[in-house]
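Here is a short walk through a structure that may be new to you. Keep the view open as you read, and find each part as it is named.

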Amino acid sequence: MSNAIHLHYEVSGEDFTRAGEASGAVKKRLKSLGFNPDAIRRTAIAMYEAEINMVIHADGGFCDVDIYPDRIEILLSDHGPGIPDVEKAMQEGFSTAPDNVRSLGFGAGMGLPNIKKYSDEMRIETTIGVGTNLYLTIKVSG
Amino acid sequence: MEKYFHSVQLDADRCCGCTNCLKRCPTEAIRVHDGKAKILSERCIDCGECIRICPHHAKKANSSKLEEIRDFEYTVAIPAPALFGQFNNLDSIDVVLTGLKRLGFDDVFEVSRAAELVSEATRRLIKENKLNKPIISSACPAVVRLIRIRFPELCDNVMPLMAPIEVAARVAKQEAMEKTGLPKSKVGVFFITPCPAKVTEIHSPNYTAHSECDGAIAVSKIYPELTQIMDHLTEVEPLGQSGLMGIGWATSGGESAAMLGDKYLAADGIENVIRVLEELEDEHIRGVDFIELNACSGGCVGGVLNVENPYVAQARIQKLRKFLPVSLNHLEEGQLTQMLWENELTYDADIFRLDKDISKAMEMMSQMEDIYKGLPHLDCGSCGAPTCRALAEDIVRGKAKETDCIFKLRAKIQNVYDQLKGTI
């Protein structure tokens, strides 16, 4: 579609204090575009959680963001270990994050549940040993 | 009259068009065109960072002159607690308050007294669970303005209570009217201000139609005369009526401490404030009930209209508070209701968005991304915009052209030269 804005970000796996750069940049753009504040907030939160996941579990990856007037589509893709049991990973409080990450307040097992909560559509493609693709759609109302 | 009143102004004669203020402005509200800085009125939050950074003193803060008090029959000075940190070897704030009276005011009313009322009101509202958590302090007008233009989702989290200055102005004016029998128009209340944001707040308040403060005089403006007077006082009147809680508002963390809880966060310095607001917006900050934000480093003692180093002032304030009672001011029946905002805080969506029409805005953003790709990404500021991205935005808004970028211009000239060379 010609009227979409495509954004692409590499997410570094080296330093998780840098996670949030992509979601921050997207948030800024959505504000300039004058999107509904609720949609901006949901996009920023869902994307940030997904970015953190990518850094903690998969040594980084990339995200592609397509902005349409009525929705925001996000793909977060990594070459990490994959998610063995998606259903379990979706449970609140379930976490496989290492201790050093938890001590900083991450890895509370709210990542995927929050992403689901804040997005309107969510789809996970994951293969053990190959990686994970997370597709998110945030609809814009009003 | 202009739509936006600003205390912060440019002194064009002194401006040499350098990039210091341009790079420092937290809302990207400054551009340099034709060798002079220009402040984009709608984006300026009057934080005063440009005043702080300008090596040529080309940025100034308009504030009231002391002579203006002559326009009123009876005047009350309402000093910010930061004022008390400006003096060496001060034993008691009574000396400053007596000094203010000798300076020409008929009476004084410390803003710190009203701060104690605001603290009590906040505690009560939190207890009654009437506020959206986390609650963001409404005391720093630069922060409130910043939220209004950049953080739409956080407008509902700002505490709906008037700042201590406004509460102080109202109580002081009422008391003066009762004491003197004069009508409101003859009583003048003047704030002694540590920063330009508060001057702006008095002229165009965020949450009331009209401020009861009749003017704001910069601390630095009265300082020389006030210290002279203070040095030669023969008698000190026992005027101070603030506890350590109210005085503590002068420094970052003081307002939070007055909440008497432990689930608070206090950030100071505009860049830190922005970082906290971003994280709040993304819900990364959890487990905190109250957020105190001060645009200036150190809190109000860091305001650009003070004379003393903020950290020295902070140390002095600590000493002054030492032997004071905790709090000397308490809410009267029905007073809290009068302290609530008259207007809701509204998000000013037009300031940063590219266009009202989303499709048009998206088209502009696509162009912006393309233009940005072709810029050198040095963020040097030579074009007059603070960053390459800001230049790209200015270009699509029709306010700048690509060759404002000196690298683009150089390439173009090279191109012309190469073509000419071919024809000769």
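Start where the two chains meet. In this predicted model, 21 residues of chain B touch 23 residues of chain A. The size of an interface is often given as the accessible area lost when the parts come together. Here chain B and chain A bury about 2,000 Å² between them. Carbon and sulfur atoms give 55% of that area.

Eight salt bridges are found across the interface of chain B and chain A. Pick out one of them: R29(A) and E369(B) meet through their side chains, with 2.8 Å from N to O. Polar contacts can be counted too. Between chain B and chain A there are 10 residue pairs in polar contact, with both residues at pLDDT 80 or more.

Which elements of chain B give two or more residues to the side that touches chain A? They are α11 (270–281) and α14 (358–374). Helix α14(B) gives the largest share, six residues. By class, this side of chain B has 11 charged residues, eight nonpolar and two polar.

Now stay within chain B. Its domain assignment gives three stretches: domain 1 (1–62), domain 2 (66–339) and domain 3 (353–424). Look at domain 1 and domain 2 of chain B. Their C-alpha centres are 25 Å apart. In their contact, 19 residues of domain 1 of chain B meet 19 residues of domain 2 of chain B. The two domains bury about 1,400 Å² between them, and 69% of this lies on carbon and sulfur atoms.

How many salt bridges are there between domain 1 and domain 2 of chain B? The count is zero. Polar contact is present, however: four residue pairs, with both residues at pLDDT 80 or more, link domain 1 of chain B to domain 2 of chain B. On the domain 1 side, helix α2 (residues 49–53) of chain B gives the most, with three residues. That side of domain 1 of chain B divides into eight nonpolar, six charged and five polar residues.

Next comes a sheet. Strands of a sheet pair through backbone hydrogen bonds, either parallel or antiparallel. In chain B, an open sheet of four strands runs in the order β6-β5-β8-β9, with parallel pairing. Its edges are β6 (107–108) and β9 (215–218) of chain B. Each edge strand has a single partner strand, so one side of each is left without a neighbour in the sheet. Then follow one pairing. Strand β5 (residues 74–79) and strand β8 (residues 187–193) of chain B are joined in the parallel sense over six bridges. P79(B) has I192(B), in β8(B), as its bridge partner.

Two spots in the backbone deserve a look. Most residues other than glycine have a negative phi, and most peptide bonds are trans. The bond between K133(B) and P134(B) is cis, with omega at about -10 degrees. P134(B) sits in the loop between α4 (111–127) and β7 (135–136) of chain B. E283(B) lies in the loop between α11 and β11 (290–294) of chain B.

End at V95(B). This residue belongs to helix α3 (residues 93–102) of chain B. How far apart in space are V95(B) and E235(B), which are 140 residues apart in sequence? From C-alpha to C-alpha, V95(B) and E235(B) are 8.9 Å apart. Leaving aside neighbours within four places in sequence, V95(B) is in contact with L90(B), M230(B), L233(B) and V236(B).

Terms used:
Residues are numbered from 1 along each chain as its sequence is written. Chains are lettered from A and ligands numbered from 1 in the order in which they are written. This is a predicted model: local features need pLDDT of at least 70, side-chain atom pairs count only at pLDDT 80 or more; totals for chains, interfaces and linings use all residues. Side-chain values use heavy atoms; hydrogens and water are left out. Contact means heavy atoms within 4.5 Å. Buried area is the accessible area (1.4 Å probe) that two parts lose on being put together, summed over both. A salt bridge is a side-chain nitrogen of Lys or Arg within 4 Å of a carboxyl oxygen of Asp or Glu. A polar contact is a pair of N or O atoms within 3.5 Å; within protein, one must be able to donate a hydrogen and the other to accept it, and residues adjacent in sequence count only if both atoms are side-chain atoms. Ala, Val, Leu, Ile, Met, Phe, Trp, Tyr, Cys and Pro count as nonpolar, Asp, Glu, Lys and Arg as charged, and the others, Gly among them, as polar. Domain bounds come from an automatic or database domain assignment. Two strands pair if DSSP finds at least two bridges between them.
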